[in-house]
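Here are some notes to read alongside the model, written for someone meeting it for the first time. Keep the viewer open and look up each residue as you go.

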Amino acid sequence: MGFLRALHRSKPLLRSHLSAPASLRWVSSSTALQRPESAGLAAEPADPPPRTPVGGARFHLAKPEDAIEVFVDGYPVKIPKGMTVLQACEVAGVDIPRFCYHSRLSIAGNCRMCLVEVEKSPKPVASCAMPALPGMKIKTDTPVAKKAREGVMEFLLMNHPLDCPICDQGGECDLQDQSMAFGADRGRFTEMKRSVVDKNLGPLVKTVMTRCIQCTRCVRFATEVAGVQDLGMLGRGSGEEIGTYVEKLMTSELSGNVIDICPVGALTSKPFAFKARNWELKGTETIDVTDAVGSNIRIDSRGPEVMRIIPRLNEDINEEWISDKTRFCYDGLKRQRLNDPMIRGPDGRFKAVTWRDALAVVAEVAHQVKPEEIVGVAGRLSDAESMIALKDFLNKMGSNNVSCEGNGISPNADLRPSYLLNTTIAGLEKADAFLLVGTQPRVEAPMVNARIRKTVRATQAKVAYIGSPSDFNYDHQHIGTGPETLLEIAEGRHPFCSTLLTAKNPVIMVGAGIFERKDKDAIFSAVETIAKSAKVVRPDWSGLNILLLHAAQAAALDLGLVSSPIESIQLAKFLYLMGADDVNLDKLPDDAFVVYQGHHGDKGVYRANVILPSSAFSEKEGTYENTEGCSQWTVPAVPTVGDARDDWKIIRALSEVAGVRLPYDNLEAVRARIGMVAPNLLHVDEREPSTVSLEMKPSVQHKMSHAPFEAVVDNFYMTDSITRASKIMAQCSSMLLKK
């Protein structure tokens, strides 16, 4: 327009032509107008680019014809019938804020943070509780939805204290994140905030109930997953609060998981309180070794210290839960640790020495005894690399007396199905009848127990238990305490036989405590008889299971550590304990020379002549096989303590000093050696199915004892050298195990 004014002033002759601006007509051109045929092609709607689902959300369509199509912000998405609006939005890549909704818990619909607009609906709807319908048009970012969320957030923050600077949830708090993303920039509440009395839930969970937003996640978790009726909602209106009905502690073995699912700082870790902020921590993804399940965990460390342990998602093993022992045993990793090699002097006191001197003494004594008098025992926390090194070293010294704690008298390792959880942990959800023989999964493997409870809740599966009286958190029949009941079922004389015979997918689970019994062959023979008559093992279903107790057991049996420790220890003159603290040494000859290689000054140290310090599971790379036969690796999270070394490296160095050098110098070479003996151990995160049928097993004619099955785990919180050194586990034992 400036150009036109200048033209108007400089050219008087043109004034008559440019007198009115209305006479100007601006013409623009585009490629669409120049080429009408291309415009016609462009008018056809192109398929929108695929979106990434939120948090890796995925679903399985059993019948493609059952899929329905909904539109999320105009984006079409196909989902199965029965999915909620919130789940449809997640599949479409739209993150809906939520506080009360959790994918593994029942729907409560009481926080109202997930409000979205649905076409033809007069009001915003709670997407977590609304089923998606065919052709539904969902709008998540309209002014109505945004205003609704801002209003909900304002109400939530109305009574929430300004504790963020001193709150342990700071930095990983859903309320912080969502108030930043979806809340308003100001609040209008000027009254006094309400306050709530804190509850005492025990030594593990710290409560600051004034911060609670009544999402009821912890109540639903305790009731549905943990199976304890400890938490509930009390009061009404502004007096509403969550607590225990009577003054009591939370006694579940899964209670620590309420820390993870609490969206605010109301429930936090008591041992971790005020220790660190989450942005100061280095996370290392590894696995747990306190039981035979191999739960996936993340170790958060700061410098050389493990600060906390939290679960990692693995649908096939632990879902997203871990037991309290797994979560809180970490302080045992810094107490009672062995730092330096030590030799017991003539006065009975230990004296710190160099590695060279310690290995020289051990090698000298090993050559002074007969080969058959050399015995090695691997501990319950040993990895596959150290066990193959110990076995190779003793074999080179001329001895075959190498065993693993917990595998009992002459373990039968010929057929892998005879010592594994063949159904797999995730496969237990398909079962409809359980027979538990001499096992208490709630204390032996809490994550397996959680799966059984999930199955019982979902399908009303029947559970029968043979063993000493135990505390279960689901409906079960206690049908006997000893092998007599097993014989009755095997002979078809027991009422539970009809349940097993009519079940579609029956499961028999035998505890690893049976390994320690002298009549174990007769018991396993009776179990196999039941399995044949009830068709527990078929081509499409493998329901005969052994539930192992320790992290090292499955790999030890795969690698062939199968001698009888009780018989060989009676004749031993040179005993090599590799982290073995629970071996009975009462019958060990007084003149026997004992080497203890381990990371904690535990029971095995009292009888040792030489101590060789090794690294714990959090400080080394190691292969562990869980009870279902799945190999997993630990990853070092913190540096080793003092002068400690990895177990297999100590044995490799000792073999060289002793003149029987082992043929591997690095981890890859050790694993290559494992691959020669048990190649399945190298297939990480895979379950190697057995191709051999149990029918190949020879029949045995042993007499069955009448002694009842005994509980294997006396104290759930203290089962190995790490948990026995833990102060937190000691508090749990004294407070939570009081009858």
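1. A definition to begin with: a residue is buried when its relative accessible area is under 20%, exposed when it is over 50%, and partly exposed in between, using a 1.4 Å probe and protein chains only.

2. A word on where the values come from. This is a predicted model, in which local features need pLDDT of at least 70 and side-chain atom pairs count only at pLDDT 80 or more, while totals for chains, interfaces and linings use all residues. Residues are numbered from 1 along each chain as its sequence is written, and side-chain values use heavy atoms, with hydrogens and water left out.

3. Now the overall picture. The chain has 22 helices and 28 strands, where helices (H or I, at least four residues) and strands (E, at least two) are DSSP runs numbered from the N terminus. Its C-alpha trace spans about 125 × 65 × 65 Å along the principal axes. Of the 739 residues in the chain, 54% are buried. Taking contact to mean heavy atoms within 4.5 Å, residues 24 or more positions apart account for 69% of the contacts with a separation of 6 or more.

4. Salt bridges deserve a careful look. The term covers a side-chain nitrogen of Lys or Arg within 4 Å of a carboxyl oxygen of Asp or Glu, and the structure holds 46 of them. One is formed by R104 and E315, whose closest N and O atoms are 2.7 Å apart. R104 sits in the loop between α4 (85-91) and β3 (115-118), and E315 in the loop between β12 (305-311) and α9 (324-328), so this pair links distant parts of the chain, 211 residues apart. R104 is partly exposed at 23% relative accessibility, and E315 is partly exposed too, at 35%.

5. K454 counts as partly exposed at 35% relative accessibility, whereas E319 counts as buried at 7%. Which residues are linked with these in a network of salt bridges? The network takes in R104, E315, E319, E320, E429, R451 and K454.

6. Back to D558, whose side chain meets that of R416 in a salt bridge (3.2 Å, N to O). D558 lies in helix α17 (residues 553-559) and R416 in the loop between β16 (402-404) and β17 (433-437), so the pair ties together parts that are 142 residues apart in sequence. R416 is buried, with a relative accessible area of 17%.

7. The loop between β16 and β17 also holds T424, which counts as partly exposed at 22% relative accessibility. Leaving aside neighbours within four places in sequence, T424 is in contact with E628 and R687. A polar atom of the T424 side chain lies 3.0 Å from the backbone nitrogen of G427.

8. For a helix pair, turn to α11 (residues 384-396) and α20 (residues 667-677), whose axes come within 10 Å and cross at roughly 75°. Axes here are lines fitted to C-alpha atoms, for helices over the stretch in contact, and angles run from 0 to 180 degrees between N-to-C directions. That angle makes α11 roughly perpendicular to α20; the labels are roughly parallel under 35 degrees, roughly antiparallel over 145, roughly perpendicular from 65 to 115, and oblique for the rest. On the α11 side, A384, E385, I388 and D392 meet L667, V670, R671, R673, I674 and V677 in α20.

9. Finally, visit S614, in the loop between β26 (610-613) and β27 (622-625). S614 is buried, with a relative accessible area of 1%. The side chains of S614 and D647 are joined by a polar contact of 3.3 Å. A polar contact is a pair of N or O atoms within 3.5 Å; within protein, one must be able to donate a hydrogen and the other to accept it, and residues adjacent in sequence count only if both atoms are side-chain atoms.
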